[in-house]
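Visitor: Please show me how to read the packing in this model, one feature at a time.

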Amino acid sequence: MSIRYGLLALLAQGPRYGYQLRAEFEASTGATWPLNIGQVYATLSRLERDELVTRVGADDEGRLVYRITPAGREDVRRWFATPVARGDRPRDELAIKLALAVTTPGVDVRGVVRAQRTATLRTLQELTRLRGDDPGVPSAPGDRAWRLVLESMIMQSEAEVRWLDHCESYLLDGGPSAVARTTAREPAAGELR
């Protein structure tokens, strides 16, 4: 998701100023995507240039207030109606890291997998603690938004642990040559350990 659509979605609810947009964006995403205020104003400037928002003046404290235009409403409507393709998501740094570990001589790939699994399990425990024992759906929209984000993070962590288990099994079941390639020899000077 780009900041553009997050801001447009918020502006579709009514006019807002920059700091208000930043605070509401972070609240809506459960503070999992902190925004720099410079990003907000740069994005608002581009949205204004593209005639998706317009400045409607300033509030009592002199803050510039923005309103979504009909073209902006149509743009955000299309965004909500369009499924997110897997290719549209950011690159998976962990998958790339493990792929590089497998092909880099001297890297203890199983060690990389185990260290990541430990960190992911710790994160999963923290997220589960945050969720608590209440399976009910919160009544406040902001709380429901946070719960959705939290549940997504929990399920992604669970999937990551399963994938890491698969990676370790794959390396072990890949035959002696796969494991030997990644762990058997001592690294030469300058190689990773």
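Guide: Let's begin with contacts, meaning heavy atoms within 4.5 Å. Here Arg4, Tyr5, Leu8 and Ala9 of helix 1 meet Gly72, Asp75, Val76, Trp79 and Phe80 of helix 4. Helices (H or I, at least four residues) and strands (E, at least two) are DSSP runs, numbered from the N terminus.

Visitor: Before we go on, what should I know about the model and its numbering?

Guide: This is a predicted model, where local features need pLDDT of at least 70 and side-chain atom pairs count only at pLDDT 80 or more, while totals for chains, interfaces and linings use all residues. Residues are numbered from 1 along each chain as its sequence is written, and side-chain values use heavy atoms, with hydrogens and water left out.

Visitor: At what angle do the axes of helix 1 and helix 4 cross?

Guide: Axes are lines fitted to C-alpha atoms, for helices over the stretch in contact, and angles run from 0 to 180 degrees between N-to-C directions. For helix 1 (residues 3-11) and helix 4 (residues 70-81), the crossing is at roughly 115°, and the axes come within 9 Å. There is a handedness too: a crossing is left-handed if the near helix is turned anticlockwise from the far one by less than a right angle, and right-handed if clockwise. Helix 1 passes helix 4 in a left-handed crossing.

Visitor: How are helix 1 and helix 3 placed relative to each other, roughly parallel or roughly perpendicular?

Guide: Angles under 35 degrees count as roughly parallel, over 145 as roughly antiparallel, 65 to 115 as roughly perpendicular and the rest as oblique. The axes of helix 1 and helix 3 cross at roughly 80° and come within 10 Å, so these two helices are roughly perpendicular. At this meeting, Ile3, Arg4, Leu7, Leu8 and Leu11 of helix 1 touch Gln39, Val40, Thr43, Leu44 and Leu47 of helix 3.

Visitor: How many helices and strands does the protein have?

Guide: Eight helices and three strands, in the order α-β-α-α-β-β-α-α-α-α-α from the N terminus. Across its 193 residues, 30% count as buried.

Visitor: Now helix 6 and helix 7, please. How do they pack?

Guide: Their axes are 9 Å apart, at an angle of about 155°. Helix 6 and helix 7 are therefore roughly antiparallel, and their crossing is left-handed. The 33 residues of helix 7 (residues 141-173) should span 48 Å, and the end C-alpha atoms, 47 Å apart, agree with that.

Visitor: Which residues does arginine 117 touch?

Guide: Arginine 117 lies in helix 6 (residues 109-131). Not counting residues up to four places away in sequence, arginine 117 touches Val161, Leu164, Asp165 and Glu168. A polar contact is a pair of N or O atoms within 3.5 Å; within protein, one must be able to donate a hydrogen and the other to accept it, and residues adjacent in sequence count only if both atoms are side-chain atoms. The side chains of arginine 117 and glutamate 168 form one at 2.8 Å. With 14% relative accessibility, arginine 117 counts as buried. In helix 7, the buried residues include Val161, Leu164 and Glu168.

Visitor: And leucine 130, is it buried or exposed?

Guide: Leucine 130, also found in helix 6, has 54% relative accessibility and so counts as exposed. Leaving aside neighbours within four places in sequence, leucine 130 is in contact with Trp146 and Leu150.

Visitor: What is the phi of glutamate 51?

Guide: Most residues other than glycine have a negative phi. Glutamate 51 has a positive value, near 60°. Glutamate 51 sits in the loop between helix 3 and strand 2 and counts as exposed at 59% relative accessibility.

Note on methods:
Buried means under 20% relative accessible area, exposed over 50%, partly exposed in between (1.4 Å probe, protein chains only). The expected span of a helix is 1.5 Å times one less than its number of residues.
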